[in-house]
Amino acid sequence: EGHAEMGCSPWQRLHILFSVVIALSHVPLASAGSQPNPPQWPPSVRVFGPDDKKEQIEGTVNAAFHENGGQTPTNHGQFSSSRFAFLFKPGTYDVDLPVGYYTQVLGLGRNPDEVIFNSSRGIYCKEGDK
């Protein structure tokens, strides 16, 4: 399970990971004593919880995919300057989420099995579909 089901090559996954690091490097850092907790993320970073509505989660991720994913036109989003990160709190999610270029989906549990996607496709990479 896990990465093998995403349909992305190891290079695509590595590229996605580096894209998130680059995207998050543009988040201004405040002094340690004045940082809000939780942090003020830019609009391109979203944190979801298991109580969030399916429509809200899928709508947000689909909007990012519309900008940075898909095969039409060819390599749509491959050279985009937009970056996205979607973080999921521990819990179970019944959502299907396409992941395009420069997009990262992260589980926030201490262990990998604390964030579960139990829908038919879960997290997937349409670029891998032929």
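**Entry 1. Strand β2**

I began with β2 and noted that F84, F86 and F88 point one way from the strand while A85 and L87 point the other way, and that all are buried. I take buried as under 20% relative accessible area, exposed as over 50%, and partly exposed as in between, with a 1.4 Å probe and protein chains only. I recorded β2 as mostly covered, since five of its five residues are buried. Helices (H or I, at least four residues) and strands (E, at least two) are DSSP runs, numbered from the N terminus.

I note that the model is predicted, that local features need pLDDT of at least 70 and side-chain atom pairs count only at pLDDT 80 or more, while totals for chains, interfaces and linings use all residues. Residues are numbered from 1 along each chain as its sequence is written, and side-chain values use heavy atoms, with hydrogens and water left out.

**Entry 2. The chain as a whole**

I listed two helices and seven strands. From the N terminus on, I read the elements as α-β-α-β-β-β-β-β-β. Buried residues make up 35% of the 130 residues in the chain. I then looked up contacts, meaning heavy atoms within 4.5 Å. Among those between residues at least 6 apart in sequence, 62% join residues at least 24 apart.

**Entry 3. The sheet around β2**

I traced an open sheet of three strands in the order β1-β2-β5, with parallel pairing. Two strands pair if DSSP finds at least two bridges between them. β1 (45-48) and β5 (103-107) stand at the edges with a single partner strand each, so one side of each has no neighbour in the sheet. I found an average twist of 15° from one strand to the next. Axes are lines fitted to C-alpha atoms, for helices over the stretch in contact, and angles run from 0 to 180 degrees between N-to-C directions.

I counted four bridges in the parallel pairing of β1 with β2, where V45 stands opposite A85. The parallel pairing of β2 with β5 has five bridges.

**Entry 4. Helix α2**

I looked up how α2 is placed: the helix lies across β1, β2 and β5 and runs at about 160° to β2. At 1.5 Å a residue, the 15 residues of α2 should span 21 Å, and the end C-alpha atoms are 21 Å apart, which agrees. The expected span is 1.5 Å times one less than the number of residues.

I listed I57, E58, T60, V61, A64, F65 and N68 as the buried residues of α2. Seen down the axis of α2, these fall within an arc of 160°, so they line one face of the helix. The arc is that of the directions from the helix axis to the C-beta atoms. The cover over these buried residues includes β1, β2, β3 (91-93), β4 (97-98) and β5. On the face turned away from the buried side I found the exposed residues E55 and H66. G70 follows α2 and has a positive phi, near 100°.

**Entry 5. The nonpolar core and Y93**

I looked up the largest nonpolar core, which has 13 residues. Such a core is a set of buried Ala, Val, Leu, Ile, Met, Phe, Trp, Tyr and Cys residues joined through side-chain atoms within 4.5 Å. The residues with the most contacts inside this core are F48, I57, F86, F88, Y93, V95 and L97. α2 (54-68) and β2 (84-88) each supply at least two residues of this core.

For Y93, leaving aside neighbours within four places in sequence, I listed contacts with F48, G49, P50, I57, F88, V115, I116, F117, N118 and S119.

**Entry 6. Loop residues**

I found D51 in the loop between β1 and α2; at 78% relative accessibility, D51 counts as exposed. The C-alpha atoms of D51 and Y93, 42 residues apart along the chain, are separated by 9.0 Å.

I placed D113 in the loop between β5 and β6 (115-117), where D113 is exposed with a relative accessible area of 58%. D113 and P90, 23 residues apart along the chain, have C-alpha atoms 8.7 Å from each other.

I ended with Y102, in the loop between β4 and β5. At 10% relative accessibility, Y102 counts as buried. Phi of Y102 is near 55°, a positive value in a residue other than glycine. Most residues other than glycine have a negative phi.
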